[in-house]
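What follows is a walk through one model, taken a few residues and helices at a time. Please keep the sequence and the coordinates in view while reading.

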Amino acid sequence: MENLKHYIKKHYGTNKQFAEELGVTPNTVQNWLKRNPTGILKHMQTIVSQKNTTPTELMSEVYFHKQL
């Protein structure tokens, strides 16, 4: 299992690019990483349709990160 930050880097390059592609602010991405990553799941359909990933992979990364 990857680290959520690595997952974002692998699929989007940077947190800023991740934010832009999801239509959120970079600050929102930082809040997800520092406080509660489950907000990412609201964008699951977009992420899965844009990138080579699955809903299960994304959920696993988010919930693993939440436990840290």
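In this predicted model, Phe18 and Trp32 are both buried. The count of aromatic pairs comes to two. In one of them, the ring centres of Phe18 and Trp32 are 6.1 Å apart and the ring planes meet at 65°; planes over 60 degrees apart count as edge-to-face, so this pair is edge-to-face. Phe18 belongs to helix H2 and Trp32 to helix H3, so the pair ties together parts of the chain that are 14 residues apart in sequence. Ring pairs also bring in Tyr12, so that Tyr12, Phe18 and Trp32 are linked into a cluster.

The two helices that carry Phe18 and Trp32 can be taken next. Helix H2 covers residues 15-22 and helix H3 covers residues 26-34; they pack with their axes 8 Å apart, at an angle of about 110°. Angles from 65 to 115 degrees count as roughly perpendicular, which means that H2 is roughly perpendicular to H3. The crossing of H2 and H3 is right-handed. On the H2 side, the contact is made by Asn15, Phe18, Ala19 and Leu22, while H3 contributes Pro26, Val29, Gln30, Trp32 and Leu33. Sorted by class, the contact of H2 with H3 has seven nonpolar residues and two polar ones, with no charged residues.

Glu21 is also placed in helix H2. Glu21 and Ile47 are 26 residues apart in sequence, and their C-alpha atoms are 8.8 Å apart in space.

The relative accessibility of His11 is 10%; the limit for buried is under 20%, so His11 counts as buried. Which residues does His11 touch, not counting those up to four places away in sequence? They are Lys51, Asn52 and Thr53.

Conventions: Residues are numbered from 1 along each chain as its sequence is written. This is a predicted model: local features need pLDDT of at least 70, side-chain atom pairs count only at pLDDT 80 or more; totals for chains, interfaces and linings use all residues. Side-chain values use heavy atoms; hydrogens and water are left out. Axes are lines fitted to C-alpha atoms, for helices over the stretch in contact, and angles run from 0 to 180 degrees between N-to-C directions. Helices (H or I, at least four residues) and strands (E, at least two) are DSSP runs, numbered from the N terminus. Angles under 35 degrees count as roughly parallel, over 145 as roughly antiparallel, 65 to 115 as roughly perpendicular and the rest as oblique. A crossing is left-handed if the near helix is turned anticlockwise from the far one by less than a right angle, and right-handed if clockwise. Contact means heavy atoms within 4.5 Å. Ala, Val, Leu, Ile, Met, Phe, Trp, Tyr, Cys and Pro count as nonpolar, Asp, Glu, Lys and Arg as charged, and the others, Gly among them, as polar. Buried means under 20% relative accessible area, exposed over 50%, partly exposed in between (1.4 Å probe, protein chains only). Rings of Phe, Tyr and Trp (its six-membered ring) pair if their centres lie within 6.5 Å; planes under 30 degrees apart count as stacked, over 60 as edge-to-face and the rest as tilted.
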